[in-house]
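Open the model in your viewer and keep the selection tool at hand. This tour goes stop by stop.

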Amino acid sequence: MPMIEMAQSTDVRTIRDLSIATFAETFASQNNEEDMEEYNERHFSTDVLQREIDNPDSTFLVAKVDGEPAGYMKVNVGAAQTEEMLGNRMEIQRLYILDRYKSNGLGTRFMRSAFDMARAQGKSIIWLGVWEHNEAALAFYKRMGFAQFGSHDFMLGADRQTDLLMEAAVDRLV
Ligand SMILES: CC(C)(COP(=O)(O)OP(=O)(O)OC[C@H]1O[C@@H](n2cnc3c(N)ncnc32)[C@H](O)[C@@H]1OP(=O)(O)O)[C@@H](O)C(=O)NCCC(=O)NCCS
């Protein structure tokens with residue numbers, strides 16, 4: 001049975017390995033290598049990830065299948081959100097499942113955890129950004145009840161890309 005656990009300060013290596021592996025699986029085929037490497041260095045260094053894990057406004061959850069890391073989710077509240085948002089919002093900044101563990105319900109379970117956390121913290125809206133060309137993720141979020149409310153720029157290395165911003169009300173059942 002898969003387990004979803006909150007990452008601790010000492011889990012930075014697991015988060016780093018998962019971050020780099022899932023980012024490559026998701027985006028390497030549609031983006032150039034230099035942009036991918038620059039992104040890894042800037043966002044997935046041990047120092048950067050350690051600071052994020054230790055930030056009280058960010059939470060990393062890790063899914064394990066038979067004890068092996070299978071995916072992770074990063075959520076932000078308050079000033080940790082990647083866009084300035086009202087205090088009643090929670091951001092799902094990252095939700096990534098390793099290829100071999102996809103389509104087993106882990107994404108849905110992470111999403112339920114996010115809604116539970118948001119509800120427990122009195123948040124009323126969950127929002128996220130998703131690359132406009134990430135069809136699989138767009139379909140998944142729509143199925144989860146998210147609807148587009150805007151867009152923002154996302155820098156993948158030197159490549160400026162468009163992320164669609166999507167939101168869902170927390171009081172709905174997932
Ligand atoms: C998008 C993503 C998070 C979904 O995670 P997931 O674990 O595959 O999601 P689920 O298994 O809960 O649901 C996915 C599909 O599996 C099906 N499914 C759900 N539970 C299932 C189960 N127990 N057995 C078989 N299939 C199942 C669902 O019907 C769903 O199908 P659909 O989305 O094609 O309609 C995952 O595909 C992923 O990590 N993608 C790459 C990273 C990415 O793009 N992240 C988003 C960046 S913004």
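**Stop one: the ligand and its backbone contacts**

Select the ligand and Gly107: a polar backbone atom of Gly107 is 2.7 Å from an oxygen atom of the ligand. Taken alone, the ligand exposes 940 Å², and the protein buries 68% of that. Keep in mind that this is a predicted model.

Next, select Ile97. One of its polar backbone atoms is 2.7 Å from a ligand oxygen atom. Then select Asn104. Here a backbone N or O atom lies 3.2 Å from an oxygen atom of the ligand.

**Stop two: the pocket and the shell**

Where does the ligand sit? The ligand is in the largest pocket.

Now show the residues around the ligand. There are 18 of them, and the closest are Ile97, Gly105, Gly107, Thr108 and Asn134. Colour this shell by class.

Switch to the cartoon view. Four elements each supply at least two residues of the shell: strand S4 (89-97), helix H4 (106-120), strand S5 (125-131) and helix H5 (135-143). Which element gives the largest share of the shell? Select H5, which provides 4 residues, the largest share.

**Stop three: a salt bridge**

Leave the ligand and look at the whole structure. A search finds 9 salt bridges in it. Select Lys64 and Glu5, which form one of these salt bridges, with their closest N and O atoms 3.7 Å apart. This pair links distant parts of the chain. Lys64 is in strand S2 (residues 58-65), Glu5 is in strand S1 (residues 3-6), and the two are 59 residues apart.

Technical notes:
Residues numbered from 1 in each chain as written. Predicted model: local features only at pLDDT ≥ 70, side-chain atom pairs only at ≥ 80, totals over all residues. Heavy atoms only, no water. Near = heavy atom within 4 Å. Polar contact = N/O pair within 3.5 Å; in protein donor to acceptor, adjacent residues only side chain to side chain. Areas by Shrake-Rupley, 256 points an atom, 1.4 Å probe, with all protein chains shown as cover. 1 Å grid on protein atoms, 1.4 Å probe; cavity = no way out; pocket = protein on both sides within 12 Å on 5 of 7 lines; lining within 4 Å. Sits in = over half its atoms within 2 Å of the grid points. Salt bridge = Lys/Arg side-chain N within 4 Å of Asp/Glu carboxyl O.
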